[in-house]
Amino acid sequence: PLSHDVYRGTLDLPRRRELDFHAGQYLSVRLPGAEPSYFSIASSPTASSIELHVQAGTDWATALKVMEAFRDPGQVTLELPHGKACLAQVPTKPLILIAAGTGFAQMKSIVDYLRETDCKQPVFLYWGVRRHEDMYLRSLAWQWHEEWPGFAFFPVVGDDADNDWSGHHDQLVRAVLAGGYEWPEVEVMASGSPPMVYTLMDALLEAGLPESAFYSDVLEYAPRS
C-alpha cells in the first residue's frame, strides 16, 4: 500500500532484456475474460522490474481484480508499450510535468529516466490531488526537489468542501499559469483525466504554448470529436 487506496505493484519480467519502452509509456494487463486494464509504467526503462501504481478503492471492481491477480502466485499477461506521450531522448527545452492523482506514475518514470541521464534542462513537476492524503509519494517528490538541482516540485491540493473535480482542475491550472513561464520556450507533458487535460491544454495554448509542445496520452485515446 502507498495510501488508503493506491498500491504499488512490482512485476518481475522473465525476459527483461528483450523488452524496450520509453519513459512515460504505459501497458495493459490482460486478465482472462476481461477487458484490458491500462496503467502507466512508474519505473525507468532501465529498471530490472516494472512498477505500477494501482488505485483500487472498494468500488473499483476492475482494479481489485487486477490486484488479486498480482497477489496470486503465477503469471499475468502484459502488453506494452503503449503511448506516444513519452521521452525517447533527453529534452532540449525546459520540461513542465503536470499530473493529477495517479498520473504521478507516468511522471515518476520520466523523472527517474532524466535523473539517470543527467538532464541539463530545468524540470518542473506539478502534482494535483483532491486531498492531502491522496499525494501518496509526496516525500519522494520532495526528495527530488532537494537533491536534484534544476528540479522543482509544486504540490497542489484541491480541498474543496465537496471535493468537486472541476474546481480542483481550475486550481491546478491556475498554479501552473502562476509559474510565469516563457510558454513558447517550454514543453509540457500532462497526465490525468480527459477533462483535466483538455482544461489545462486550452489554458496553456491561450497563454502562448505551441500546440506541438503539449503532450498527453489523452489526446490519443480520448480525442475531441
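This is a predicted model: local features need pLDDT of at least 70, side-chain atom pairs count only at pLDDT 80 or more; totals for chains, interfaces and linings use all residues.
**Exercise 1.** Find the order of the strands in the open sheet, and name its edge strands.

*Solution.* 
Step 1. Read the order: the three strands run β3-β2-β5.
Step 2. Check the sense of the pairing. It is antiparallel.
Step 3. Look for strands that pair on one side only. These are β3 (37-40) and β5 (77-82), the edge strands.

**Exercise 2.** Describe how β2 pairs with β3.

*Solution.* 
Step 1. Locate β2 at residues 26-30.
Step 2. Count the bridges to β3: there are four, in the antiparallel sense.
Step 3. Pick out one facing pair. Val 29 stands opposite Ser 37 of β3.

**Exercise 3.** Which elements give two or more residues to the largest nonpolar core, and which gives the largest share?

*Solution.* 
Step 1. Start with the size: this core has 29 residues.
Step 2. Mark the residues with the most contacts inside the core. Among them are Leu 97, Phe 104 and Trp 127.
Step 3. List the elements. They are β6 (95-100), α2 (104-116), β7 (123-129), α3 (138-147) and β8 (151-157).
Step 4. Name the top contributor. Helix α2 supplies six residues, the largest share.

**Exercise 4.** Which residues does Ile 110 touch, leaving out those up to four places away in sequence?

*Solution.* 
Step 1. Apply the cut-off: contact means heavy atoms within 4.5 Å.
Step 2. Collect the partners of Ile 110: Ala 23, Gly 24, Leu 87, Leu 95, Leu 97 and Met 189.

**Exercise 5.** How many residues are in the second, separate core?

*Solution.* 
The second core has 26 residues, including Tyr 126, Val 156, Ala 190 and Leu 204.

Definitions and conventions. Residues are numbered from 1 along each chain as its sequence is written. Side-chain values use heavy atoms; hydrogens and water are left out. Two strands pair if DSSP finds at least two bridges between them. A nonpolar core is a set of buried Ala, Val, Leu, Ile, Met, Phe, Trp, Tyr and Cys residues joined through side-chain atoms within 4.5 Å. Buried means under 20% relative accessible area, exposed over 50%, partly exposed in between (1.4 Å probe, protein chains only).
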